[in-house]
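Trainee: I have just opened this one and would like to be walked through it slowly. Could we begin with the words we will need?

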Number of protein chains: 2
Amino acid sequence: MQQRKGDPFGTHRVIEPEGVLPQPALRLDSVSPLYANECLIDVERLNIDSASFVQIKEACEHDVDRVKEMIIKIITDRGKMHNPVTGSGGMLIGRVSQIGIEFPANGLQVGDQVATLVSLTLTPLLVEEIQHVNMNNGQISIKGKAMLFASCPFAILPDDLPESVSLAALDVCGAPAQVARLVKPDDTVVVLGAGGKSGLLSLAVAWQVAGEQGKVIAIESNPAACEVIRELGIAHEVQSVNAKQPLAVKGMVEVLTAGELADITVNCVNVPDTELSSILATRDGGTVYYFSTAVKFTAAALGAEGAGKDVQMMIGNGYTPGHAELTLQLLRDQPALKDIFYQRYQA
Amino acid sequence: MQQRKGDPFGTHRVIEPEGVLPQPALRLDSVSPLYANECLIDVERLNIDSASFVQIKEACEHDVDRVKEMIIKIITDRGKMHNPVTGSGGMLIGRVSQIGIEFPANGLQVGDQVATLVSLTLTPLLVEEIQHVNMNNGQISIKGKAMLFASCPFAILPDDLPESVSLAALDVCGAPAQVARLVKPDDTVVVLGAGGKSGLLSLAVAWQVAGEQGKVIAIESNPAACEVIRELGIAHEVQSVNAKQPLAVKGMVEVLTAGELADITVNCVNVPDTELSSILATRDGGTVYYFSTAVKFTAAALGAEGAGKDVQMMIGNGYTPGHAELTLQLLRDQPALKDIFYQRYQA
Ligand SMILES: NC(=O)c1ccc[n+]([C@@H]2O[C@H](COP(=O)([O-])OP(=O)(O)OC[C@H]3O[C@@H](n4cnc5c(N)ncnc54)[C@H](OP(=O)(O)O)[C@@H]3O)[C@@H](O)[C@H]2O)c1
Ligand SMILES: NC(=O)c1ccc[n+]([C@@H]2O[C@H](COP(=O)([O-])OP(=O)(O)OC[C@H]3O[C@@H](n4cnc5c(N)ncnc54)[C@H](OP(=O)(O)O)[C@@H]3O)[C@@H](O)[C@H]2O)c1
């Protein structure tokens, strides 16, 4: 048992195509026994990536049984929860059931409850049963097994937060951590899709860093979510605008910034076709941070060129050192924000 | 005539879907008469984007007549040369035949030969006839008409370079201009797809900036193109490695940098599935510059996360102020590099 050692990046579980890493692979082996440098998890709950869950719900006409079937089909076909349309996944929580002798455990023990901090698009996953689908927040209770590779970051779940709340926050913990790096005091920051998970966390960080002299502008389509942001008091301006309408977004940001536009725009929307809104909201020399996985590379690259906009555009890397701690601490430090996460995600 | 004024970004020519800008649009109106703030061009030659041309050639099994048909079909269906599979376009040259009275002409005159510095994916285009397809370099001689919007950058072609050479270089002029901004003295720079148009121009800039103490590493699949790079003497190391194989690329860069990896990796490949190679070639804290339009957003975002790599990833904006001048000057300053462009692209 546990004799074989796998590749730290998991290529040993790629079935097709040959030579690629698990993320872009079409199919993973989620059946073979644990390798010596892997960790086995009894999966309890999936958090389906928001862009993926929107797409699945629409394809299934919001029928929960069809959603279940579609998720099972994807996992069975691919050996992982990798939505073929959006290309995105999500993450999971579960309990450690076996630790390979060469897995870099860093104190992890069998029985610990963990969240994987890597995308489901590269996590070998075997599902036995879907117990419940929460159609509002994309959290799915399941019975199943997953494997963690040696290179994959994970977090032991804290005791002081409900697991469903930790799961929701950790799914998007790359966003606030990157915003903390990018935003400088006095910056004008626009957050698109500001009322969602990553949007609220990004706003909270921008509000802390950009501070009094800066300007934090929240743009969100959902009027109820706008009201939540206003009550939290973590933005100077909150506007209900459709992020799919580039000229409307540009016009609004122009008005709110006296024509100066944003130094940094953070895109946290969960629907497609928002690349140009982000670009046009941003000043020449400014930065667009695309966290949304619904972003299309060419639409951003060629769209900026077409508008003659000299903006730096960054792809939202889900990993930043310390991102999980930063995000959970943000919730602890801001009780009103934590309350919103409890209301929406507590199981 | 010329009474109506259009939107500077060209939304007045979008047929569907409503409310979007011309780049992501499914179909543009390339038939209506010129608006007062547009410029009409008699098109002479298209330079099909390399990722798009590879895809079209493969889909047509390298049959030139089928390639012609497919290009005409795309332009006719969409009112622009916007490859639906790769999402990319290319650019064009032609002569100015009419200048709207409100077009920001900046000295441009009827009869001038210009290159559009915006993607064909957002340029309204009407094709009458395809005269010749160069299957080697993706340049297409055509008779047709195109419109430039007020926001679209363009360049008057210089007298001292053949138009086909200017066209080839200007198609990718965003790459060397961005590399000039990103690379610092002493950096270790890896260029993937280093033997192509954007690869050679990027190498040349990296070689100038990273200088003696830096290290410039060229990675390219084509051995003949590797030989060209060696003869040009614009890289410290030149290696023939397939950029689709992340572990091979990582291993090679590790060996060449004594395990330090690249400060900056520039991706200039024209085929898909090279996101992870770029990420794994780069050190933690380093930057990946994705110029290739074959890059998939989610493969990059989720791939970096999956590998636990803290790299900054940038989307190649085709526009940078001064990019056209910088690129043409690079060719003038480096006669050996200019010779390569003459050999490959002179009509
Ligand atoms: N890069 C990464 O590593 C990574 C990791 C995880 C997630 N993501 C991606 O990040 C994005 C945000 O995720 P999330 O979990 O924060 O999503 P979320 O909680 O579902 O929030 C999305 C927000 O965007 C709003 N919205 C929807 N359509 C809009 C429109 N047309 N204009 C303006 N706002 C609009 C939504 O409003 P409604 O309430 O009306 O729907 C919602 O408030 C998703 O695309 C997700 O896939 C990326
Ligand atoms: N972001 C923007 O605004 C923008 C603008 C224009 C173009 N682009 C994109 O930039 C990319 C490069 O364009 P280009 O015009 O410079 O292309 P190019 O001249 O065709 O060069 C591509 C190079 O990559 C090499 N290559 C192909 N497959 C490879 C592999 N598996 N491993 C390593 N090298 C490989 C090719 O070698 P072979 O000789 O063997 O084919 C060639 O030398 C394309 O994807 C293009 O679409 C982006």
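Mentor: A residue counts as near a molecule or strand if one of its heavy atoms lies within 4 Å of it. The model is predicted, so local features need pLDDT of at least 70 and side-chain atom pairs count only at pLDDT 80 or more, whereas totals for chains, interfaces and linings use all residues. Residues are numbered from 1 along each chain as its sequence is written, chains are lettered from A and ligands numbered from 1 in the order in which they are written, and side-chain values use heavy atoms, with hydrogens and water left out.

Trainee: Okay, where does ligand 1 lie?

Mentor: Ligand 1 lies between chains A and B. It is surrounded by 27 residues, and the closest are A:Asp49, A:Ser50, A:Ser198, A:Asn242 and A:Thr293.

Trainee: Which classes of residue make up the shell around ligand 1?

Mentor: That shell has eight nonpolar, 13 polar and six charged residues, where Ala, Val, Leu, Ile, Met, Phe, Trp, Tyr, Cys and Pro count as nonpolar, Asp, Glu, Lys and Arg as charged, and the others, Gly among them, as polar.

Trainee: And what is 2.6 Å from an oxygen atom of ligand 1?

Mentor: An N or O atom in the side chain of A:Ser198 is at that distance from the ligand 1 oxygen. The side chain of A:Glu220 likewise has an N or O atom 2.8 Å from an oxygen atom of ligand 1, while a nitrogen atom of the ligand is 2.8 Å from a polar backbone atom of A:Ala243. Taken alone, ligand 1 exposes 930 Å², of which the protein buries 87%, with accessible areas from the Shrake-Rupley method and a 1.4 Å probe.

Trainee: Which helices of chain A supply residues of that shell?

Mentor: Helix 1 (50-59) and helix 5 (197-210) of chain A each supply at least two residues of the shell around ligand 1; helices are DSSP runs of H or I with at least four residues, numbered from the N terminus.

Trainee: How is chain A divided?

Mentor: Chain A has domain 1 (11-157) and domain 2 (173-346), with bounds from an automatic or database domain assignment. Their centres, taken over C-alpha atoms, are separated by 28 Å. Eleven residues from domain 1 of chain A and ten residues from domain 2 of chain A take part in the contact, which here means heavy atoms within 4.5 Å. Each of these two domains also gives at least three residues to the shell around ligand 1.

Trainee: Switching to ligand 2, why is its site shared between chains?

Mentor: The site is shared because residues from chains A and B surround ligand 2. Of the 27 residues around ligand 2, those that come nearest are B:Asp49, B:Ser50, B:Ser198, B:Asn242 and B:Thr293. An oxygen atom of ligand 2 is 3.2 Å from a polar backbone atom of B:Gly196, and a polar side-chain atom of B:Asn270 lies 3.2 Å from an oxygen atom of ligand 2.

Trainee: Last topic: what rotation superposes chain A on chain B?

Mentor: A rotation of 180 degrees, with 0.0 Å of shift along its axis, superposes chain A on chain B with an RMSD of 0.0 Å. That is the relation of a two-fold axis. The superposition is by least squares on the C-alpha atoms of residues with pLDDT of at least 70 in both copies. Of the residues of chain A, A:Met314 comes closest to the rotation axis, with its C-alpha at 2.3 Å.

Methods:
A polar contact is a pair of N or O atoms within 3.5 Å; within protein, one must be able to donate a hydrogen and the other to accept it, and residues adjacent in sequence count only if both atoms are side-chain atoms.
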